[in-house]
Amino acid sequence: MKSSSFTLILSIFGIIQIAQGSPVYKDKNAPLEQRVSDLVGQMSLAEKIQQLNQLSFGINLNPNNKGETVNDVAPEVGSLIYLNEDPVERNAIQRRAMEKSRLGIPILFGFDTIHGIKTVYPIPLAQACSWNPALVTQTAAVAARETKLTGIDWTFSPMIDVSRDPRWGRIAESYGEDPHTAAVFGVATVKGYQGAKLSDPFSVASCLKHFAGYGVSEGGRDYRATDISTQALWETYLPPYEAGVKAGAATLMSGFNDISGVPASANHYLLTEILKQGWNHDGFVVSDWNSVEQLIAQGVAKDRKEAGLKSFKAGVEMNMVDRIYADHLQELLLEDKITMDSINDAVSRVLRVKFRLGLFEQPYTPIVPEADRYLRPEDKIVAAKLAEESMVLLKNERAALPISPKVKSLALIGPLVKDQENLLGCWSGNGKAKDVESIFEGVTREFGDKVKLLYARGCDFDGTDESGFTEAIDAAVKADAVVICIGEKKAWSGENSSRSTIALPAIQEKLVARLKQTGKPIILVLSNGRPLELQRLEPQADAIVEIWHPGVAGGTPLAGILSGRVNPSGRLAITFPLATGQIPIYYGMRSSARPNDGNYKDISTEPLYTFGHGLSYTSFNYGKATLSKGKLASDQMLTVQVPVTNTGSVAGQETAFWFISDPVCSVSRPMKELKHFEKKTIKPGETVVFTFEIDPQRDLSHPDSTGKKLLEAGDFHVRIKDQRLTFELVDNDDRPTVSTPVPPR
Ligand code: GLC
C-alpha cells in the first residue's frame, strides 16, 4: 500500500478515535505504529525524556552497583529495575503511573533473571553443556513465568558474550567459547522468555547483552578495554547478536567495554549502523549500569553532559540509573546538539516494546498464592532435568563410576557436600539457599537405604585451616569409596569476580592429596562457575564429574549419575586449560605458521579437556560418514550423514558436533568452526543417523570486515568426531578481495 494512502487511512482512523473521545494510543485494536505515533505526538519533552530514564527501586544485592533506592518514584519514569519481590508493592507503583501521570504510560519493570529468579537452574555455561536448546527454552519459560509473577516485565538476559578467558568471572553467565553455541542457546532463551507473543500472560521481554565483545576484557579483568578487530567482531562476537535480533529479541544492553578505543555505550557503528540500519532492530538499547557516565573514566567524555551526548547519538535509547539523560537531554536539544526527531525515535522504540508487552492493557501483575508463584514441583523437575543434562563426566577410570553395588560405605567429603548457597551460582536472582537440594540430601535420597554414608567437611573453600583433615581421613579410611565435593563459591564468578588463576585454592588440593593417600577410590565432584586448572587434581582422581553451579535441583541429578540411574550426557562447551598460563586456549583458533613448533617449553600446549569433551556410561561407535555429493554450487545444499551405534549395554544420549574447515581462503580462518549439533538418545545396540544439511551461504561463508558474507570457491572439510570429509564449492558469488579491516567508528 502506498504510504500516502496508508497515512490517509491512519489519519481518518485518528479522527474517528478523537471524535469518540478516547485517544488512539489507548485503543488496543489500533495499529501499533499508529498508537506509538499518536502517543509520542501528545507527549511533552519532559515526558519523553522520562521514558528514556531508568532508575533502581528496592534493596540492591549486586555489590558492584551501589544504586540508590528510589523512595519516591516519579509516575512518569520510563523504567525501574525492581529489586524487591512484592507484586503488590510493584502494582502500587504502577498504579501511580497509570492514574497520576498525565498520559498514563506504564512503567517497564526490569530485573536480572539470568538463570531463574526463584526456581534457579544451572548457570548458562552449564546449560550450554547440555546441548539441549529445547530444554533451555523450557527452563527460560519457567523463569519468565516466575519473573512476571514477581512484577517484572523485562529481564536483562540472555548474556551471549563469547568468552574465552576463564579468569573473567562472567564466563559463568555465558554459553562459552563458540559463536554458534552462543547463538543457538541465546535464541533458545529468547524464545523461552518471550513465548509466542510478548503480550502473552507469562512472557517477558528479553535483552541481549552485553553488546558487544565484553567477553574479550583484557587479561580477564572485568570492565577493561577490549581489542577486537572488525574481522573478529563480525566472525566471532556479533553472530550471536545477529541471531538473537533475528529471533525477535525486544531489547539489547550496551556493554561496559571499549571496543578498540570506542566504548560500546558510545559506539555508533555498533548501536546504529549495525543494529538499527543493518539488522533493522526496532526495539531499544539500554545502557549498562552507569555505562554512560563511565565514558568519562574511559576518557571519551569530559563530563556527564558530553557522556550523555555521545551515548544518545550513538544509539543508546534508555539510560540505566546514572540519570544523565534526565539531567542533560533537554539542554542538548536546546543547544541543537541532538534533534527532536532523534528523541522521538528513541521514545518510540521504548513505547513500542511497552505496547508489544501489552502493558497498556494489562499494567498489573496477577497476584497469586506463593505456592503457585514459585518453585512449583513441575518447574523444579524441569530445572533438575537441565542440571542432569548439563553435568559432564570428565574422567572415569578403574570403573569408579557408576558406584558399584559392592560399595557398602561411601565417604562424602568437602565444603560443597552440605552447601546450599553456593550451588545457586552467580546472578541467582531471588533464589534462596533454603530451596536448594544439597549434594548430601540428593545422595542420601539415592543411596541412603543401601549404603552407609560418612560425612566430613574436610576444609573450607580457601584459607589454610587443615584441622578438618583428620576427620575427613578417618571417614575415608572407613569407607569403600570417597566422593570429594570441591569447587568455587558463587561469589567467585559473575560480575567483578576476575581471578588471576583458575586453580582451586591450595587447601582444597591438599585435602584431595591427603585423601588420595588412603588408597581408596577417589571420585571428584566439581561445582564451579568457570573451567578450572586441574593438572594436579586430575591424576589423583579415578573419576571426575563437573556439576557446575546447578541451582536448586542439583543434588538428585548428581546422585543419579553416581548411582548409574542417570547416564551422563553433558559435553564441554568450554575448553579446560591444563594451566592458567595457557589462556587463551580454545578450539576455534587460527592455524599457527608452524603448527608443530612455537609450543610451550615448560608444559604441554594441549588443553586438559577440549571443547566437546564428555564421557558416557555407554560407548558410541561412529560409522562411515557420507556426503550427498563431492561438489556443490553456492545455491545448492549438501547433506552429510553419519550412523552412530550404541555399542554399550545402557541407553545414552550422544551429541554429534559438525565442524566446517576452510583450509584455503583469502583470509586465514579458524582451524574449524562448529556449524551444527544434534543430541539424540540411542538405545543399546541401536543405530541412529545424524544429519547435517550444509547451506553454503550459512555454513561456508565468512564475513569480511564490513560484515558482508563472502563465499569463496575451493575445497572445504566437514568434520564429525575423528572423520574429515572433503568437498568442493565450485562457484562463488563474490570474487574475494582481501578486505581491509574497516577501522571502528
Ligand atoms: C550490571 C551488569 C548487567 C546487569 C545490570 C543491571 O552491572 O553488567 O549485566 O544486567 O548491571 O543489574
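Lys 395 is buried, with a relative accessible area of 6%, where buried means under 20% relative accessible area, exposed over 50% and partly exposed in between, computed with a 1.4 Å probe and protein chains only. This is a predicted model, in which local features need pLDDT of at least 70 and side-chain atom pairs count only at pLDDT 80 or more, while totals for chains, interfaces and linings use all residues. Residues are numbered from 1 along each chain as its sequence is written, and side-chain values use heavy atoms, with hydrogens and water left out.

- Lys 395 lies in strand S11, which spans residues 392-396; strands are DSSP runs of E with at least two residues, numbered from the N terminus.
- Leaving aside neighbours within four places in sequence, Lys 395 is in contact (heavy atoms within 4.5 Å) with several residues, among them Glu 538, Asp 542, Tyr 609 and Leu 615.
- Ala 541 is also in contact with Lys 395, and the backbone oxygen of Ala 541 is reached by the Lys 395 side chain at 2.8 Å.

**The ligand**

- The ligand is surrounded by 13 residues, of which the closest are Asp 112, Arg 170, Lys 209, His 210 and Asp 288; a residue is near a molecule if one of its heavy atoms lies within 4 Å of it.
- An oxygen atom of the ligand is 2.5 Å from an N or O atom in the side chain of Asp 112, and for the side chain of Asp 288 the corresponding distance is 2.6 Å.
- For the side chain of Arg 170, an N or O atom is 2.8 Å from an oxygen atom of the ligand.

Notes:
Polar contact = N/O pair within 3.5 Å; in protein donor to acceptor, adjacent residues only side chain to side chain. Helix = DSSP H or I, 4+ residues; strand = E, 2+ residues; numbered from the N terminus.
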